[in-house]
Amino acid sequence: MGPDTRALAVHLAVIALLIGCWFVLPQYHTGNLARILVLATFASAYNLVFGYTGLLSLGHALFFAAGMYGLGIVMQHGGVSALPAWVFGVACAATVGLVTGALALRTSGVAFMIVTLMFAQAGYLCVLYFGDWTRGDEGFVIARTARNLIGIDLADERVRYFAGVCLFGSSLLGIGQLVRSGFGKTLIAIRENEERARMLGYDVQRCKLIAVVISAALAGAAGAAYALLFGYVGASFAAVQYSILPLLWTLLGGAGTTLGPLLGTLVMFYLVDYASDITDAYLLVVGVALILATLFLPQGIVGTLRRRVLRWLP
Amino acid sequence: MTRPVLETRHLSKSFGGVDAVKDVNLAVHEHEVRALIGPNGAGKSTLVSLVCGRLSPTAGTVHFDGQDVSSLPAHARIRLGIAYTFQITSVFSELSVFENVALSVRRAIASSNAGMRQRKRAIRERAMMALDRVGLADARDRPAGDLAYGHQRLLEIAMGLAQAPRLFIMDEPTQGLALDEIERFKTLIGELSSSSTILLIEHNMDVVMDTAHRIAVLDAGELIGDGNPQDIQQDARVQAAYLGTDTGPASA
């Protein structure tokens, strides 16, 4: 089996495992997993820019929220149905990615981090400012009757779970394909040595911008799906926390690996879940876990596994 | 004489008042191996950086194949058929040796409209051919960062070869190579000059004398000599600036 076929086989096996989980796990966990899958899609989008292209963005909440509010506002104020609203949300996020990316990519390193952070903060403040449309801090609930995809009730537990599997599964296969393609190798080359890539004749700026737009569109797809599946659109998803979270999930799971974002999101979700059962200071537990991971698993869970034992991991 | 592949006209670059390159007029002709020598800090690397667009000049123009490329960004000049190897080894260390060269081929044949499968095969063939020529075919699956220093330099040369460039610019390619690798490199240069034009920054005078058809000498940013190896060896200004006045060419 060549490396390409093996990567595909691993990804299909993970998707099959996720489908299987529905039949064996209790409802509490499948409910969690539905949420985790949508967030892991967001983390995968982040990973494309951070893990594969080597761009440390601190503003991905902007793209998640652009998808979420793009969908939410046209559904709430325009009475648009779920599917076109979702497409609109993705388009919003891609457009925001194109515009902010084109500007932010004029900088690099620390300046890039700050510029992306500032764009995301501006987005957050816009959400608060245009309260007539967004209901500001409170956010708004999308009515259950509207959360309906060609007759299927998206609020139903089972539909929600499999919608999550579909979203994450297609992003996993898509990204798996992308990072093994010539373009994906170019992104990795840019991460490894930008100047060398330029001096091979690659238009580095253009490649980075394409990566940012794809990432923004996928983050927006996750944001819009989150609103649709869980029925809530809120300003907290545009706040700085949602820019940091995908970074942490990706770091914990393994940056630059296709499965890292899923594993990182999963572990972090349950860490928070169990820690908050024990103590109110659950963020402290999460912090300690992250420090330990940085010390002992600097490449993240999947990254370390790949380095030490399973070299063939995608 | 054939027309120049590369020509610089009154090319100058100053960094905050310091002239790194001063009014350089250089013409490199097809199938020529041109060495560029000069003491440390003479502006050799700055000059080639101006040629391939990593730096923009303070004054003057660069012409490639008769076309003024002064306003083109670096990647666009590379696409016209220039390959460049860095003075400080510069490979994609996390990627395999093969993938390093494949990246180079993939870009070079990006405009061909062959089918997917044909293209994949062409990339593999060209990459392996380039690796073969520098003797790294057996290391194809190793991460490039694991290679010994000298082998990383050879890998860089392979990345340039794989581009099949019209003009191949190498910045101190033999630095850190073992003696037998240097011999191999000289042979390679000889073979290459039949299909390509080479601009070589080099400190090793053996390599320069054995491979170069013409030598350009830079000192304090100025071109102080440009001619065939014998003339350059005898040129008084060059001897004073670089070779030492009474010892003759030293083997570095």
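A:Arg135 sits in the loop between α6 (131–134) and β1 (140–141) of chain A. Its phi is positive, about 60°, although A:Arg135 is not a glycine. With 17 C-beta neighbours inside 10 Å, A:Arg135 counts as partly exposed. A residue is buried if 20 or more other C-beta atoms lie within 10 Å of its own, exposed if 12 or fewer, and partly exposed in between, with C-beta atoms placed from the backbone. Helices (H or I, at least four residues) and strands (E, at least two) are DSSP runs, numbered from the N terminus.

This is a predicted model: local features need pLDDT of at least 70, side-chain atom pairs count only at pLDDT 80 or more, and totals for chains, interfaces and linings use all residues. Residues are numbered from 1 along each chain as its sequence is written, while chains are lettered from A and ligands numbered from 1 in the order in which they are written.

- B:His31 lies in the loop between β2 and β3 (33–37) of chain B.
- B:His31 is partly exposed, with 14 other C-beta atoms within 10 Å.
- Most residues other than glycine have a negative phi.

**Chain A overall**

- Chain A has 14 helices and four strands.
- The C-alpha atoms of chain A fill a box of roughly 50 × 45 × 40 Å along the principal axes.
- Of the 314 residues in chain A, 47% are buried.
- Among chain A contacts between residues at least 6 apart in sequence, 77% join residues at least 24 apart. Two residues are in contact if their C-beta atoms, placed from the backbone, lie within 7 Å.

**Chain B overall**

- Chain B has nine helices and ten strands.
- The radius of gyration of chain B is 18 Å, close to the 18 Å that the globule rule gives for 252 residues, so chain B is as compact as a globular protein of that length.
- The box filled by the C-alpha atoms of chain B is roughly 55 × 40 × 40 Å along the principal axes.
- Buried residues come to 46% of the 252 in chain B.
- Of the chain B contacts with a separation of 6 or more, 67% involve residues 24 or more positions apart.

**Strands of chain B**

- An open sheet of four strands runs in the order β2-β1-β4-β5 (chain B), with antiparallel pairing. Two strands pair if DSSP finds at least two bridges between them.
- β2 (18–29) and β5 (67–68) of chain B stand at the edges with a single partner strand each, so one side of each has no neighbour in the sheet.
- Eight bridges join β1 (residues 4–15) of chain B to β2(B). B:Glu7 has B:Ala27 in β2(B) as its bridge partner.
- Five bridges join the antiparallel strands β9 (residues 214–219) and β10 (residues 222–227) of chain B. B:Asp219 is bridged to B:Glu222 in β10(B).
- The hairpin of β9(B) and β10(B) has two residues between the strands, and B:Ala220 takes a positive phi near 50° there.

- The contact takes 17 residues from chain B and 16 residues from chain A.
- α3(B) gives the most to the side of chain B that touches chain A, with five residues.
- That side has eight nonpolar, four polar and five charged residues. Ala, Val, Leu, Ile, Met, Phe, Trp, Tyr, Cys and Pro count as nonpolar, Asp, Glu, Lys and Arg as charged, and the others, Gly among them, as polar.
- Twelve of the twelve residues of α3(B) are buried.
- The buried residues of α3(B) pack against α8 (182–192) of chain A, together with α4 (116–134) and α5 (149–162) of chain B.

**Nonpolar core**

- The largest nonpolar core has 167 residues, and A:Ala222, A:Ala225, B:Ala158 and B:Ile169 have the most contacts inside it. Such a core is a set of buried Ala, Val, Leu, Ile, Met, Phe, Trp, Tyr and Cys residues joined through C-beta atoms within 7 Å.
- Helix α10 (residues 204–230) of chain A gives the most to this core, with 17 residues.

Terms used
Rg over C-alpha atoms; globule rule 2.2 N^0.38 Å.
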